[in-house]
Amino acid sequence: MKEFKKGIIKSIAGPLVIAEQIAGCEMYEVVRVGEEGLMGETIKLIEDLAYIQVYEDTTGLKPGEPVTRTGMPLSVELGPGIMGNFYDGIQRPLQSIKEQAGNFITRGISAPGLDAEKKWDFTPVVEAGADLVEGDIVGTVPESKVITHKIMIPPGKGGKLLEIKKGSFTVNDVVAVVETAEGKAEITMRQQWPVRIGRPSREKLPPEVPLLTGQRIYDTFFPVAKGGTAAIPGGFGTGKTVSQHQLAKWANSQIVVYVGCGERGNEMTEVLDTFPELDDPTTGEKLMERSTLIANTSNMPVAAREASIYTGVTIAEYYRDMGYDVALMADSTSRWAEALREISGRLEEMPGEEGYPAYLATRLSAFYERAGRVVTLGKEERLGSVSLVGAVSPPGGDLSEPVSQNTLRVVGSFWALDSSLADRRHFPAINWLRSYSLYLDPTREWYNEHATEEFRKLRTQALATLQTEAELQEIVQLIGPDALPERERALLEIARMIREDYLQQHAYHEVDSYCSLEKQLLMLKIISLFNEKALEAIDLGLGVDKIIALPVKDEIARMKYEPGEQFKQKHEELEKTIKEQFDSLRE
């Protein structure tokens, strides 16, 4: 490694250290601070002064201690061993740190992101003499029971393959040699990539394929596309974390990256304890076989929190380049923005709204911009995607605050959690009147092909019913429901069925936790048929009270708990029962 002239610490303000006599240092360069070699990153340069955000506790640092340049930007190590691992915000494996330092992370401790000792079985998929371009796959490694890791030619290193090996190797062993324009390049199973720079792709595709989640409120009303972006804003106790766990478990993505950014320690401990125990319904193995977790709790250094989401999205892009669909959960971007605000204050920058830096909107949009469904690099056409779902924790549930508003401007799906729904034990507590999705039109063709055109019509009808109910509630609160005309009273009952029998979904129920698209369609058909028959009965002069008293309503309420493979038969039985009971009512 090149030797650089050392600077010295001039002053310290929390996680911000100002170093002098360090001319030549570059923006976002990683430096080692103090006698203990604390890891930091340059975030501002003025003449020979470098402003460094330190990713560890700076207690005990003194002016005059050395600052050493590395000449490298903050980067992550990419290769076999990421799946099933737990990292901190700067990709230090928590298990390795625990083995070195016990239950508490001590200062100055370092551990490589990938295990340099472990050997992996490498199987070549190309032969010597092949002409390769950047992104081409040269071999595969069974990284976990369900994930095949694909070893790719790094960006900028294409050429003729001179040599390739087969066998067991560590991530640092040379497995191939390529003749490039600059000379021979040795290919290992390990890549390094700067976290603040998006990995390149050949082409970005429109978001036309939905990311199915098995959650009715999302798939039916407010879908998100593969390669799309979504935000879940809500106050304390509204269910953000459970919603993200459901998405991680059930979404039809092959890879899950979960970033716990500034969450409470006990909440993150629960995630670290429960995630390895979760069964993966799609593979039959544990969910951790295709997941990686990045934990940066609220008591960890604030600077590492700011870096954690970049670490997560870089790992997600790497697996996207292999041709996988990746879902990244960031919980929560509000804590990340608070870290940004604290560092900005230490830099004495001009504050923007509510003290956040003026560039908050730019940083948020740059993060969400790294989502996308792409044609990856390489001669063989591979499609991969990164879908970003960020939780937002506005103080007091106030969605008018800057982080929520700036997130709302850039995401494609906005799932607004409502504390009043959560108080009524309605989960997921997504407010259907305040939420929206911009992916309805792009995914329309896919839905028409895979769920029939009727699905969207039923969705529109159900949403219109809920909107009409909200308008009628003002009248109901003034004069009571009995004073309404019969048709409006029937509409209120149908709206209640949509809310309670369809939208409410039990996250911990073995059947209702996941609902297939086919089952969603059939459930909507049942409620629509009941609505149609109820209006026909009212036109014939029958009262709403008799309709409400029909026994089939209880069966409709329980249909969500019917297993998916048996639901088609249940749907036919319910249709028959509804028609029979309304016929007997007319007679």
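Two strands are taken to pair if DSSP finds at least two bridges between them. Strands (E, at least two residues) and helices (H or I, at least four) are DSSP runs, numbered from the N terminus. The model is a predicted one: local features need pLDDT of at least 70, side-chain atom pairs count only at pLDDT 80 or more, and totals for chains, interfaces and linings use all residues. Residues are numbered from 1 along each chain as its sequence is written, and side-chain values use heavy atoms, with hydrogens and water left out.

Confidence is given as pLDDT, the predictor's confidence in each residue, on a scale from 0 to 100. The mean pLDDT of the protein is 91. A score of at least 70 is reached by 100% of the residues. Confidence is lowest in helix H4 (residues 265-274), with a mean of 74. It is highest in strand S23 (residues 372-375), at 97. Where pLDDT is low, the predicted coordinates should not be read in detail.

A barrel is closed by six strands. Their order is S1-S2-S5-S4-S3-S6, and the pairing is antiparallel. On average, neighbouring strands of this sheet are turned by 45° against each other, direction ignored. Here axes are lines fitted to C-alpha atoms, for helices over the stretch in contact, and angles run from 0 to 180 degrees between N-to-C directions.

Glycine 7 lies opposite valine 67 of S6. S1 is also joined to strand S2 (residues 16-20), by five bridges, and these two strands run antiparallel. Isoleucine 8 faces glutamate 20 in S2. Isoleucine 12 has valine 17 of S2 as its bridge partner. S1 and S2 form a hairpin with two residues between the strands. In this hairpin, glycine 14 adopts a positive phi near 65°.

S15 pairs with strand S13 (residues 159-164) in the antiparallel sense, over four bridges. S15 also pairs with strand S16 (residues 183-188), again antiparallel, over six bridges. Two residues separate S15 and S16, which form a hairpin. Valine 177 takes part in both pairings. In S15, valine 177 is the bridge partner of glutamate 163. Valine 177 also stands opposite glutamate 186 in S16.
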